Amino acid sequence: CKYNVSEISFPLANELIRNMLSTESVLNRGTPFGTESGTLPFGEFQPGIETQDFVQNTASILVIGAGGLGCEILKNLALTGFRNIQVIDLDTIDVTNLNRQFLFRKKDVGKMKAEVAADFIKNRIPQVNIVAHTCPIQEKPIEFYQQFDAIIAGLDNIKARRWINALLHDMLEHDESGNLIPETSKILIDGGTEAFKGQARMIAPGFTSCFECSMDSFPKQIHFPLCTIAETPRKPDHCIAYVLFAVNRGLANKSAHALRQEFESLFGSDTKLDKDNPDHMRFIYEKALARSQIFNISGVSYMLTMGVVKNIIPAVASTNAVIAAACVNEAFKALSYCSQSLNSYFMYNGNTGVYTHTFKYERKSGCPVCDAKEIRFEIDKNETLNSFIDKLISDPSLQLEKPSIGKPGSSLFMQKPAALREATLPNLSKKLSELINDEDILTITDPVFPLGMSISILVKFL
């Protein structure tokens, strides 16, 4: 760089920003490497003012997540020239975010991430029209997502990524001949980081593999056994989990009840634990520390408490920067057709150097989202319905959370509403042979999928 950052005046800084905003150098010249020449062609690159105008003034992008990765993505989109951006995030800013989520300042602690990030971008680059949303992605109607040309996910949990992936595939439409209508395929670019590792993935619904195709490659989520937590804790994590479950009414003993009462006396009756509230987190930490001392367990710290409660993996700013750059680069290429698109997976490992690798993630036959078929499930007819549900939850290719099960004309077990759950609860202890016949087809719904989406399972008795 020919400029010393400390010597840049505000007028010069604004000039540099204007230069970075310009996309003319890329979009107004021809190239032999347009997207049509790659293995994942979206269209034919036409250099000129129309393409530039589309990128800058027409293309609409949604960013899901305004955390460490999301901040980098928003900054890159604005400086690349995209002017129609929306961001959705329901989290508030914690003081621990400030070391890497650079759109936030100390004065912003406690405020909504999406709103503060949007305001920061607008103040620095007024040409950008950016709108913030502060609700769960599941609360938005399908029409909200249909307005975007691309969606970039900078999420830190698998459940939300599965949900948006399934929704975008559910939005696909076909013509009378059964051919996919390309305009209904909304590009999803999924980014993720974990310490010094990260990945960016191009998902074009109907054309590439989807997020669900790779579910069996993710490690099973850690679940703490309640009996160990309550009676014989051995690790600092167990002490933290005990207090967490007590506050959330997940334990029913005298000690847990006392913890819940103390929590309510401090924060109000029927107050729900807010993982982004520093006072709530301090309460969990202090009570977990006291419990660890009773059992002579060392290692309980505030950072570990945050990690257990939020399932946090330490974030590295440089990893976020690399993956965000890859995500925005793919969005720019896919919407302008100016270069070959990623097909379809980019991985980065910075543990011992700089290692990158790209490969095509193949579609999984029978994927419940992009290649829905009846799933054959073999099980002993003498097992209970509850045991069957446990097997569905532990199946690495499904990884369901709270499945509801029905068959034509009958509900076997429903999680919601409460009245239906109560009515079907006795079925959990019944043998499968009492409820269904061999090779019956069951309909499974689960919160990891959008409302109205289900999977079909053909049950074969052993």
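Reader: Which residues of α14 are buried?
Author: This is a predicted model, in which local features need pLDDT of at least 70, side-chain atom pairs count only at pLDDT 80 or more, and totals for chains, interfaces and linings use all residues. Residues are numbered from 1 along each chain as its sequence is written, and side-chain values use heavy atoms, with hydrogens and water left out. Buried denotes under 20% relative accessible area, exposed over 50%, and partly exposed in between (1.4 Å probe, protein chains only). In α14, the buried residues are Leu385, Ser387, Phe388, Ile389 and Leu392.

Reader: At what angle to β9 does helix α14 run?
Author: Helices (H or I, at least four residues) and strands (E, at least two) are DSSP runs, numbered from the N terminus. Axes are lines fitted to C-alpha atoms, for helices over the stretch in contact (heavy atoms within 4.5 Å), and angles run from 0 to 180 degrees between N-to-C directions. Helix α14 (residues 385–394) lies across β9, β10, β11, β12 and β13, and its angle to β9 is about 130°.

Reader: Which strands are the edge strands of the sheet?
Author: Two strands pair if DSSP finds at least two bridges between them. The open sheet has five strands with mixed pairing, in the order β9-β13-β12-β10-β11. Pairing on one side only marks the edge strands, β9 (375–379) and β11 (410–413).

Reader: Which residue in β11 stands opposite glycine 406?
Author: Strand β10 (residues 404–407) pairs with β11 in the antiparallel sense, over three bridges. Opposite glycine 406 stands a residue of β11, serine 411.
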